[in-house]
Structure formats: structure tokens, C-alpha cells
Amino acid sequence: MDGRGRKFAALNLSRLIRLPVEWYLKRERGNLPHYRRSPAERRLADVRRYLLRNRYAVRFGAALLVLGLLCGLIAIGLPGAVLRFGGDIRSRAMGEAGLKLKTVAVSGLDHLKSSDIRAALNLSAGIGLYDFDVAEARTRLLQIPWIADATLVRLPPDRLQISVRERAPAILWQHGKAFDAVDAQGNVIAGVSPMAYSALFRVVGAGAAQAAPALMEALAKSPVVSRHVESCVFIGGRRWDLHFDNQTVVELPDRDIASALEVLARMMTEQDLLEHDINLVDLRDPSAPRVRINKDLARAKPAGRGA
């Protein structure tokens, strides 16, 4: 073997010996005594020991830092801006796909107009069909006194179908100088014209709208009485006075109205109550009804006419 061959063999042999040693030293460097490490390794080891000894404080500080960053982002409105930016991108994508709201069809209207529905929903041109919140829109519609129920359906690519069920006025409620309509469930429909609903059953007094459905149910079972009633006045928030078409007033009890109406119906059919000059029938105690004669009408009767 010449000189070059011996030199090459010596180099390879030294590398074979040195590599395992270097690998072992690198693996065990973390376990070397502190004084045998390089300055950079010693600083890194010091940091690791500090973090290990104070790991709970470090974790708590990191959590506070993250929380502070989140609060700062919220304070400057970054999440809202990101959401708005995402919403704008979505709206533009829907517009490019042809999914923009263009047609609004409303059905079931009688007293209201389509313009009332559009105004309540504040519909804007060009809004994305799926950006329109149908649940919120339904909540807005149910705040309109006339609307009992509403259904909203998206019909791609550009149509919104709104089906409305309006309340049916059953009672005209007079409180003070104001008039409101009331449906059979006692829901108030504010701001109606009394002339437009003058044919409705009329109740008068504070709280009459809420108590009227129970009275109407009782009167419906006594048609002999109900067909002569012009209006009902709620007295003291407890009981009713019925005003008849011949100006007779009937005072009902605050409880068990049905029994009082049965007594009144018998008096009307068996004793021709409304044919006599009676201006008051006191049925606050149905077991002991009392009547009061209208003396002015009795004196004005021609001679020979029975009372």
C-alpha cells in the first residue's frame, strides 16, 4: 500500500472512531456538568430550570397574556370587522351566484297592506337570500298587533314567501276616549276606528278587554239574553253590568256568571222582563234577584195600561 492509501485508510479509521463518540456526547450533552457546557447551553439550561421551577406561574401568566390579547382585539372591534368582512364576501358570492333577494310575496292580508309588512321588516334591495334572518323577521312581524302568526320561507334563487294570519276582531273595547279591537282570545288590536267596528260586541272600562272573552263565552250559551245586549261595562275590575237595547241595566255577580244568566233568561221568557218599565235588574245574588221600576216611565203611561 502506497503513502496515499495509508493516509486515506487512517482518515477513515479516525472517522469511524470519532462519529460514535460525537453522537454519544451530543446525546449526553444535556447531562454534562454545568461547567463543561458552552455559555449558550448554560443559559438555555438556566432558562429551562427556571421555567420548570415556576411552571404554574408561567402557565398563569401565559393565560393572562392570551386573555389580554383577546380583550384587546374585542375592544378594537377586530372580531366584528372580520365577521362583517366575511359577511360582505358571502353576500358578494351570493350575488354572483344569483342568490339575492328580489321578490317578496305576501299572502293572508286583509286589514294590513304589503307595504306594512315591508316596512316592519326593513327590507333592503340586494340583500343575500340566505343573509336574511327569517327567525328575526318573524319576531318582528308578531309585534304587529294585527298579526297572530306568520311563516317565512326562502325560495331560491331570489324569492321570499311570507304567509300571514291576521287576528279576527270580535270585541270593540272602549277605555276612556280610546277604542281598540279585541279578538276572541283577548289580544288587543290597537288604534282602530270605532265606526268601522261599531257592529262588534262593545265592552267598556279598564281591564275589560282581558275579561271579555269569558263573558262572551257565557253569553254565547244564552242567546235569549245576548241578542238584546248592546254593551257591557266592567265595574271595579271585578264584575259586569249588561246594558240592554231598551236601556235596562243588569248587574251581574263577580262569580258564577252562568247561573246569573240562566236566572235572567228565565225572567225574560217567563215574565217578559223587557216588556215592563224596569231600568235595573240586580243579579249580584242570583238566588235573590231584585228589580227597580222606572218610575218616570210608569207615570208617563196612559191610563188603563198595565204595569
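Author: A salt bridge here is a side-chain nitrogen of Lys or Arg within 4 Å of a carboxyl oxygen of Asp or Glu. This is a predicted model, where local features need pLDDT of at least 70, side-chain atom pairs count only at pLDDT 80 or more, and totals for chains, interfaces and linings use all residues. Residues are numbered from 1 along each chain as its sequence is written, and side-chain values use heavy atoms, with hydrogens and water left out.

Reader: How many salt bridges by that rule?

Author: Eight. One of them joins Asp 149 and Arg 138, at 2.7 Å from N to O.

Reader: Where do Asp 149 and Arg 138 sit in the chain?

Author: Asp 149 is in strand S2 and Arg 138 in helix H6, 11 residues apart, so the pair links distant parts of the chain. Helices (H or I, at least four residues) and strands (E, at least two) are DSSP runs, numbered from the N terminus.

Reader: Which residues make up a salt-bridge network?

Author: Glu 251, Asp 282, Arg 284 and Arg 290. Within it, Arg 290 bridges to Asp 282, with closest N and O atoms 2.9 Å apart. Arg 290 is exposed, at 53% relative accessibility. Asp 282 is buried, at 8%.

Reader: Switching topic. How many helices and strands in the protein?

Author: There are 10 helices and 12 strands. Buried residues make up 28% of the 307 residues.

Reader: What order do the strands take in the open sheet?

Author: The order is S6-S5-S4-S7-S8-S9-S10-S11-S12, nine strands with mixed pairing. Two strands pair if DSSP finds at least two bridges between them. S6 and S12 are the edge strands, each pairing on one side only.

Reader: How many bridges between S4 and S5?

Author: Six, joining S4 (residues 169-175) to S5 (residues 178-183), and the two run antiparallel. Pro 169 stands opposite Asp 183 in S5. That is the Asp 183 of the Arg 167 salt bridge.

Reader: Which strands of the sheet does H9 touch?

Author: H9 touches S9, S10, S11 and S12, and its direction makes about 25 degrees with that of S9. Axes are lines fitted to C-alpha atoms, for helices over the stretch in contact, and angles run from 0 to 180 degrees between N-to-C directions.

Reader: Which H9 residues are buried?

Author: Ile 257, Ala 260, Leu 261, Val 263, Leu 264, Ala 265, Met 267 and Met 268. The buried residues of H9 pack against several elements, including helix H7 (208-220) and helix H8 (223-226). Contact means heavy atoms within 4.5 Å.

Reader: What span should H9 have?

Author: 20 Å for its 14 residues (257-270), at 1.5 Å a residue, and the end C-alpha atoms are 20 Å apart, which agrees. The expected span is 1.5 Å times one less than the number of residues. Just after H9, Asp 272 takes a positive phi of about 50 degrees.

Reader: Last one. How many aromatic pairs?

Author: Two. Rings of Phe, Tyr and Trp (its six-membered ring) pair if their centres lie within 6.5 Å; planes under 30 degrees apart count as stacked, over 60 as edge-to-face and the rest as tilted. The Trp 146 and Tyr 197 rings have centres 6.4 Å apart and planes at 40 degrees, so the pair is tilted. Both Trp 146 and Tyr 197 are buried. Phe 234 and Trp 240 form a tilted pair, 4.6 Å centre to centre, with 40 degrees between the planes. Phe 234 and Trp 240 are both buried.

Definitions and conventions
Buried means under 20% relative accessible area, exposed over 50%, partly exposed in between (1.4 Å probe, protein chains only).
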